[in-house]
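This report is for a reader new to the structure. It looks at rings, cores, strands and charges in turn.

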Amino acid sequence: MEVQIIELDARAIEERLEDLSQILALTVGQGAAVSFMAPLSIEDASLFWSKNVQPEVVAGRRILFGAERAGNLLGTVQLLTAMPDNQPHRCEIAKMIVHPQARRLGIGRTLMNHALSRARELGKTLVTLDTRTGDVAEPLYASTGFKVAGVIPDFAWNPDGKAKHATTYMFRHI
């Protein structure tokens, strides 16, 4: 069965909160640099989705996409659409996460392509993102047309708290 990309509105976030939280906690537990420290509890992951993401979705400042197969949520990506007044042409990709057991199956690429299509529909012409320098996602982003804008050393701590990593800022015109 093929992966379907769905848009998760406020109600869908509530209905899928357990799945969303599980994917986030597992992803952080496996070392993903998505702004959280390990171990990330299911409770803290749930708070992220319900207190940070859901209000932004309701306000129309963020779009949350999910990838599912046979009713199982396998990954998510966010498109941040509310930018400062002088940047209405731009949006940002955030928190691309794929369930550890569903990686290397093209789900990240499918999510990214869907987010880029929506950005185009919204009239956006520039998309930005940042990723841990050298992360497995960096080549994926490059293969979908993103180019490196620059690297900031010692940007954030790795989830295990043992070392800091650099962040690569990337952009893509659409």
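## Aromatic rings

Phe 36, Phe 48 and Trp 49 form one aromatic cluster. The model is predicted: local features need pLDDT of at least 70, side-chain atom pairs count only at pLDDT 80 or more, and totals for chains, interfaces and linings use all residues. Numbering starts from 1 along each chain as its sequence is written, and side-chain values use heavy atoms, with hydrogens and water left out.

Rings of Phe, Tyr and Trp (its six-membered ring) pair if their centres lie within 6.5 Å; planes under 30 degrees apart are stacked, over 60 edge-to-face, and the rest tilted. By this rule there are 4 aromatic pairs. One of them joins Phe 48 and Trp 49, edge-to-face, at 5.1 Å centre to centre and 65 degrees between the planes. Tyr 141 and Phe 146 also pair edge-to-face, at 6.3 Å and 65 degrees.

How covered are these rings? Buried means under 20% relative accessible area, exposed over 50%, and partly exposed in between (1.4 Å probe, protein chains only). Phe 48 is buried at 10%. Trp 49 is buried at 0%. Tyr 141 is buried at 6%, and Phe 146 at 3%.

## Nonpolar cores

In soluble globular proteins, nonpolar side chains tend to be buried together. A nonpolar core here is a set of buried Ala, Val, Leu, Ile, Met, Phe, Trp, Tyr and Cys residues joined through side-chain atoms within 4.5 Å. The largest has 26 residues. Phe 65, Ile 93, Ile 107, Leu 111, Met 112, Tyr 141 and Phe 146 touch the most other members. Elements supplying at least two residues each include strand E2 (62-69), strand E4 (90-98) and helix H4 (107-121). Helices (H or I, at least four residues) and strands (E, at least two) are DSSP runs, numbered from the N terminus. H4 gives the largest share of this core, 6 residues. Another core lies apart from it, with 18 residues, among them Ala 12, Val 28, Leu 40 and Val 57.

## Strand E7

Tyr 169 lies in strand E7 (residues 164-173). It is partly exposed, at 32% relative accessible area. Val 148 is 21 residues from Tyr 169 in sequence, but 6.0 Å away in space, C-alpha to C-alpha. Contact means heavy atoms within 4.5 Å. Leaving aside neighbours within four places in sequence, Tyr 169 contacts residues including Leu 129, Lys 147, Val 148 and Phe 155.

Thr 167 is also found in strand E7. This residue is buried, at 2%. Phe 155 is found in strand E6 (residues 147-157) and is partly exposed, at 40%.

## Charged pairs

Side chains of opposite charge can pair when their charged atoms come close. A salt bridge is a side-chain nitrogen of Lys or Arg within 4 Å of a carboxyl oxygen of Asp or Glu. The whole structure holds 8 salt bridges. Three of them are listed here.

| Salt bridge | N to O distance |
|---|---|
| Glu 15 and Arg 11 | 2.9 Å |
| Asp 19 and Arg 16 | 3.4 Å |
| Arg 132 and Asp 135 | 2.9 Å |

Are Arg 132 and Asp 135 buried or exposed? Both are buried. Salt bridges that share partners join Glu 7, Arg 118 and Glu 121 into one network.

Glu 15 and Arg 11 sit 4 residues apart in helix H1 (residues 10-15), so about one helical turn separates them. Glu 15 is exposed, at 54%, and Arg 11 is exposed, at 61%. Asp 19 is partly exposed, at 33%, whereas Arg 16 is buried, at 14%.
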